[in-house]
Amino acid sequence: MLAGPLVANLIWMATSARAEISVRTGTQRSERPVAGVAHPVIEVVSLHKAYGATVAVEDVSFAVAEGEIFGILGPNGAGKTTTVECLSGLRVPDRGTVRVLGVDPQRQRHVIREWVGVQLQEGSLRGKLRVGELVDLFASFYTHPADARELLDLLDLTSKRGDYYKSLSGGQKQRLSIALALIGNPKIAILDELTTGLDPQARRETWGLIETIRDRGVTIVLVTHFMDEAERLCDRVALIDAGGVIAMDSPLGLAEREGGGNHMRFHPSRPFDDALLTALPEVDRLDHQGDRIVVGGTGDLLNAVISALASANIEAKDVQLESATLEDAFVRLTSHRSENSNGDGRR
């Protein structure tokens, strides 16, 4: 099964038949590969999942490249958790195609157990189990587990090996969750709302750990609702709302394209023809606010405007630059949609 902190999963993992892995990466590719990723390690095409009359995931498609940190963003009830549960084999899709490292998570669960580590949003571990006992227990479910001592050292948990789970701080519990997700030496780690409830210092420490894990060759799928977290960590993000992907790009690309772009305000040293700036490819709009000029656009807007003004012997004074953020894009893309949650946290 999966190295996620769910006690129910332990029973399933312990009683499941062990199988020698014979399937190799690159087999059983979906017939409709998602555009934009040449050799994806994850492919999701037209995923649909409903709970009774409530549709959690309507039509989700994306692909994840090997070695990247791929973020899944969205408001509460958007379908994020259901999507990653389908990736990890915990949920059975009603329709659509899911391939993880070339295999179907439902048909070849023994492969997924060995290749994918999961830290789930909601889970529980017995408070009176010690850190070392938990790591050793999870390690016993895998054919070729990671070195437990090295992993605990990497996650700064060596001194806590003999401590009870219930005595750990919030940040230590999250680091232990990462350890349990990695103890199987996975090729892919799925991390769902990893830093929720952590203080700012613990969050930043956790971010550093995620980057270290990626540097060790693990592809990461990160579910988060923190925009600063996605901006810091993710190579690309998919924004899911109302059960579908409504935008996908790098955090910077999404911010620039959907967040309203960058804005530059300044006082020109003398009047000039607007065409001097509106002709620039980086400039989308120009407005006059009294004696101030407001220029909006994308790319390297600041240098483009300053260079154009300098070529006309015009000085920009009192320059202010406001950059669009991923949060701006998130709000613009989701504010007009009504939240549609089933109320049980599964979406």
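I began with Asp-199, which is partly exposed at a relative accessible area of 43% (buried means under 20%, exposed over 50%, and partly exposed in between, with a 1.4 Å probe and protein chains only). The model is predicted: local features need pLDDT of at least 70, side-chain atom pairs count only at pLDDT 80 or more, and totals for chains, interfaces and linings use all residues. Residues are numbered from 1 along each chain as its sequence is written, and side-chain values use heavy atoms, with hydrogens and water left out.

**Entry 1: the loop between E6 and H7**

I located Asp-199 in the loop between strand E6 (188–192) and helix H7 (200–215). Helices (H or I, at least four residues) and strands (E, at least two) are DSSP runs, numbered from the N terminus. I found Glu-193 in the loop between E6 and H7 as well. Glu-193 counts as buried, at 9% relative accessibility, and has a positive phi of about 50° although it is not a glycine.

**Entry 2: strand E13**

I then turned to Asp-318, in strand E13 (residues 316–322). Asp-318 has a phi near 50°, a positive value in a residue other than glycine. Asp-318 is exposed, with a relative accessible area of 54%.

I asked why strand E8 is largely enclosed by the rest of the structure. The reason is that 5 of the 6 residues of E8 (residues 236–241) are buried. I next looked up its pairing (two strands pair if DSSP finds at least two bridges between them). Strand E3 (residues 69–73) runs parallel to E8, joined by 4 bridges, and Leu-73 stands opposite Leu-239 in E8. Strand E9 (residues 244–249) pairs with E8 in the antiparallel sense over 5 bridges; here Ala-238 stands opposite Met-248 in E9. E8 and E9 form a hairpin with 2 residues between them, and Ala-242 in the turn has a positive phi of about 50°.

**Entry 3: salt bridges**

I counted 17 salt bridges (a side-chain nitrogen of Lys or Arg within 4 Å of a carboxyl oxygen of Asp or Glu). In one of them, Lys-160 pairs with Asp-163, with the closest N and O atoms 3.6 Å apart. Lys-160 is partly exposed at 23%, and Asp-163 is partly exposed at 25%. Glu-258 forms a salt bridge with Arg-257, at 3.3 Å between the closest N and O atoms. Salt bridges that share partners join Arg-99, Asp-104 and Arg-107 into one network. Within this group, the closest N and O atoms of Arg-107 and Asp-104 are 3.8 Å apart. Arg-107 is exposed at 73%, whereas Asp-104 is buried at 14%.
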